[in-house]
Amino acid sequence: MARRYLLGFDVGSSSVKASLTDVETGEIAASAFYPDHEAPITAVKAGWAEQDPQMWWDNAKLSLKKIMSETGAKGDDIQAIGISYQMHGLVCVDKNQQVLRPSIIWCDSRAVPYGEKAFKELGAEQCLSHLLNSPGNFTASKLAWVKENEPELFDKIDKIMLPGDYIAMKLSGDVKTTIGGLSEGMMWDFKEKKPAKFLLDYFGFSESVLPEIVPTFSVQSVVSKSAAEELGLKEGTPISYRAGDQPNNAVSLNVFNPGEIASTAGTSGVVYGVLGDVNYDPKSRVNTFAHANYTTEMDRLGVLLCINGTGILNAWVHRNITPDVSYADMNDLAASVPIGSEGVSIIPFGNGAERVLENQETGCSIHGLNFNKHNRAHIVRAAQEGIVFSFCYGMEIMEKMGMDIKKIHAGKANMFLSPLFRDTLAGVSGATIELYETDGSAGAAKGAGIGAGIYKDHDEAFATLKKLAVIEPDSVKREEYLNAYENWKEKLAKLR
């Protein structure tokens, strides 16, 4: 009997990953990513970051070919396709669906002045109450840069897309997007519940450049005959889900309801929480977008906190302080020191300006170091504690927006492999941490199953999600954790 699979793509800036998930068992049958090294990012000028969308498509094809070969799957076996993608990128195509220029991706900062000017001239109240954010460095501002600096190219633009929309176009021949996609580009008006005409008018964009809007969980389009022949898929296979990487990460962890939190802690760290009411941070220290299950009838907002200096700090400590030991041994070193690192505090913001600090760049700094008392174990622990404290600092902002943080869902990866990191986060926040076995491409595959009606709802789709561990807050040590956090906040306040 043939197995039934769901296909998920995760289009990142480093690689494109594809996974086949078994419909019945929910298990990942095979996954692969290309390239096996970090994909190139072109930076013609300082602060620029571009990628060729064709590279994403080529890597998607290579990843798919490998997993089809490994499993022996045929096109008929794949029931639906879902797509996760790097957020905020800009892809421009002409009337023949030909890409007009390299994609300006999420980490490109050239559009910052355009977003700041719009925020000032349109007014904070107008932008925040309608967009829930400053136009900032998001997709609309990137398009404003193209309009001013490449006017001849701008005139050829028929449609603009996000990276996931581009992959869906290559699969289907249709140019479509979602409300979530428009919201992450600052082109969705949450008050009017339609595309943000006031911002489009301000920048001088025609609404016709926007793709057709389709629900996140729905049969958005189907695989075309030409794509089916190119990829070995079945013509007519539904493409039934797409979402940006952070909303999708929450989906992959079954985070859909108000108060639920998803977190990742790789090079940078993210805390992503679901809010049931339209709200925003007046200082834009966290971003608010439409969550994957947002509709015009039901408000579900994703509040995104990003900390730049997360795993990159831990890696720096490993490289420069403890190069002779493994990461696991680093965790043991850190655990040999009491909570609070006996007065040593590390401010972890050494990876550029931090949005949670209102785009201030404090740099990374070590405080309270005593040469006669402290050793490298104190540095290792203080680094991990500093990362946790930065998360909690941002979570306080989220709580002021009305989010009641009781539980944090995370994949067992990166910083969440550290017992000390997990215990400290639970101890300071008071939240229970649940660790799961999943990833973005698997989440996209399950999302496709929901969108195609193969699963009746997200509870059925994620019933097989493997829970690997539960970390409860240690009430006995709660005061010690909070004292260490207050000491850290005092050090940070002196830098601001």
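## A parallel pair: β21 and β22

A410 stands opposite L435 in β22. This model is predicted. The strands β21 and β22 pair in the parallel sense. Five bridges hold that pairing. Strand β21 covers residues 407–411, and strand β22 covers residues 432–437.

β21 has another parallel partner, strand β15 (residues 260–265). Four bridges join β15 to β21. Within this pairing, E260 stands opposite K407 in β21.

## The helix between the strands

α14 spans residues 419–429.

Nine of its 11 residues are buried, so α14 is largely enclosed by the rest of the structure. The buried set in α14 includes L420, F421, R422 and T424. L425, A426, G427, V428 and S429 are buried in α14 too. In an α-helix, residues three or four places apart point the same way, because there are 3.6 residues a turn. G430 follows α14. The phi of G430 is positive, near 80°.

## T432 in β22

T432 has its place in strand β22. Is T432 buried or exposed? T432 is buried, with a relative accessible area of 14%; the cut-off for buried is under 20%.

The side chain of T432 makes a polar contact of 2.7 Å with the side chain of E472.

## A six-stranded open sheet

What is the strand order in the open sheet of six strands? The order is β3-β2-β1-β5-β14-β13. The pairing is mixed. β3 (28–34) and β13 (217–222) stand at the edges. Each has a single partner strand, so one side of each is left without a neighbour in the sheet. Neighbouring strands of this sheet are turned by 25° against each other on average, direction ignored.

β1 (residues 5–11) and β2 (residues 16–22) pair in the antiparallel sense. Seven bridges join β1 and β2. At one of them, D10 has K17 in β2 as its bridge partner.

## Helices on the sheet

Helix α6 (residues 163–172) lies across β1, β5 (78–85), β13 and β14 (238–244). α6 runs at about 150° to β5. Helix α10 (residues 245–252) packs on the sheet as well. α10 touches β5 and β14. The direction of α10 makes about 110° with that of β14.

N249 lies in helix α10. N249 has a relative accessibility of 17%, so it counts as buried. What does N249 touch, not counting residues up to four places away in sequence? Its contacts are A262, S263 and T264. Strand β15 spans residues 260–265.

## Cysteines

How many disulfides does a search of the whole structure find? The search finds zero. C392 is in no disulfide. Its nearest cysteine sulfur belongs to C306 and is 16 Å away; a disulfide needs two sulfur atoms within 2.5 Å.

C392 counts as buried, at 4% relative accessibility. C127 is buried too, with a relative accessible area of 0%.

## Backbone exceptions

Most residues other than glycine have a negative phi, and most peptide bonds are trans. Some places in this model depart from that pattern.

A cis peptide bond joins Y34 and P35. Its omega is about -5°. P35 has its place in the loop between β3 and β4 (50–51).

L132 is not a glycine, yet its phi is positive, about 70°. L132 sits in the loop between α3 (124–131) and α4 (139–149). At 2% relative accessibility, L132 counts as buried. E342 is not a glycine either, and its phi is positive at about 50°. The loop between α12 (327–335) and β19 (345–349) holds E342. E342 is partly exposed, with a relative accessible area of 36%.

Key. Residues numbered from 1 in each chain as written. Heavy atoms only, no water. Pairing = 2+ DSSP bridges. Helix = DSSP H or I, 4+ residues; strand = E, 2+ residues; numbered from the N terminus. Axes fitted to C-alpha atoms, helices over the stretch in contact; angles between N-to-C directions. Contact = heavy atoms within 4.5 Å. Buried < 20%, exposed > 50% of the residue type's maximum accessible area, 1.4 Å probe, protein only. Polar contact = N/O pair within 3.5 Å; in protein donor to acceptor, adjacent residues only side chain to side chain.
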